[in-house]
Amino acid sequence: QVQLVESGGGLVQAGGSLRLSCAASGRPFTYYTMGWFRQVPGKEREFVAATPWSSGQTAYAGSVKGRFTISIDKSKNTVHLQMSALKSEDTAVYYCAAGPGWPPVYGSWGQGTQVTVSS
């Protein structure tokens with residue numbers, strides 16, 4: 001089971017940028033997909049972005065496409081979510097996830113990091 005530790009959340013003004021990081025450890029990640037999800041209290045967890053560890057394929061939710069970028073720094077076993085042009089509706093707890101396959105079956109989840117976008 002891969003272990004995921006997230007960081008980078010915080011308070012940012014609308015229109016600003018923020019980069020989330022997820023440090024991964026445990027078993028090798030070669031056959032894994034890394035993903036980001038977000039959740040607002042009282043609502044279902046929402047897919048944000050994903051990319052396989054071993055390819056450049058990416059997938060984004062329509063609401064973030066063009067504003068968010070997912071990337072993996074393999075040398076540091078870290079996945080990033082670069083968020084720009086942030087909107088108040090981006091406010092949520094963001095979770096890093098990992099699992100085998102594409103589409104993946106997510107079996108590992110981070111603890112979540114709060115992102116708050118002020119109007």
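**Figure 1. The largest nonpolar core of the predicted model.** The largest nonpolar core has 29 residues; a nonpolar core is a set of buried Ala, Val, Leu, Ile, Met, Phe, Trp, Tyr and Cys residues joined through side-chain atoms within 4.5 Å. Buried means under 20% relative accessible area, exposed over 50%, and partly exposed in between, with a 1.4 Å probe and protein chains only. Trp36, Leu81, Met83 and Tyr94 have the most contacts inside this core. Two or more residues each come from strand E3 (18-25), E4, strand E5 (46-52), E7, E8, E9 and strand E11 (113-118). Strands (E, at least two residues) and helices (H or I, at least four) are DSSP runs numbered from the N terminus. This is a predicted model, in which local features need pLDDT of at least 70 and side-chain atom pairs count only at pLDDT 80 or more, while totals for chains, interfaces and linings use all residues. Residues are numbered from 1 along each chain as its sequence is written, and side-chain values use heavy atoms, with hydrogens and water left out.

**Figure 2. The open sheet E1-E3-E8-E7.** In this order, 4 strands form an open sheet with antiparallel pairing. Two strands pair if DSSP finds at least two bridges between them. Strand E1 (3-7) and E7 are the edge strands, each pairing on one side only. On average, neighbouring strands of this sheet are turned by 20° against each other, direction ignored; axes are lines fitted to C-alpha atoms, for helices over the stretch in contact, and angles run from 0 to 180 degrees between N-to-C directions. E3 and E8 run antiparallel and are joined by 6 bridges. Leu20 stands opposite Leu81 in E8, and Leu81 is also among the residues with the most contacts inside the core.

**Figure 3. Strand E5 and its two partners.** Because 5 of its 7 residues are buried, E5 is largely enclosed by the rest of the structure. E4 and E5 run antiparallel, joined by 6 bridges. Their hairpin has 6 residues between the strands, and Gly42 there takes a positive phi near 85°. E5 and E6 also run antiparallel, with 2 bridges joining them. This pair forms a hairpin with 6 residues between the strands, and Ala50 has Ala59 in E6 as its bridge partner.

Figure 4. A salt bridge is a side-chain nitrogen of Lys or Arg within 4 Å of a carboxyl oxygen of Asp or Glu. By this rule the model has 3 salt bridges. Arg38 stands opposite Glu46 in E5, and the two form a salt bridge with their closest N and O atoms 2.9 Å apart. Glu46 is partly exposed, with a relative accessible area of 32%, whereas Arg38 is buried at 6%. Arg38 also meets Asp90 in a salt bridge (2.9 Å, N to O). This pair links distant parts of the chain, 52 residues apart: Arg38 is in strand E4 (residues 32-39), and Asp90 is in the loop between strand E8 (78-83) and strand E9 (92-100).

Figure 5. The side chains of Asp90 and Arg67 form a salt bridge (2.8 Å, N to O). Arg67 lies in the loop between strand E6 (59-60) and strand E7 (68-73) and Asp90 in the loop between E8 and E9, so the pair ties together parts that are 23 residues apart in sequence. Both residues, Asp90 and Arg67, are buried. Through shared partners, salt bridges join Arg38, Glu46, Arg67 and Asp90 into one network.
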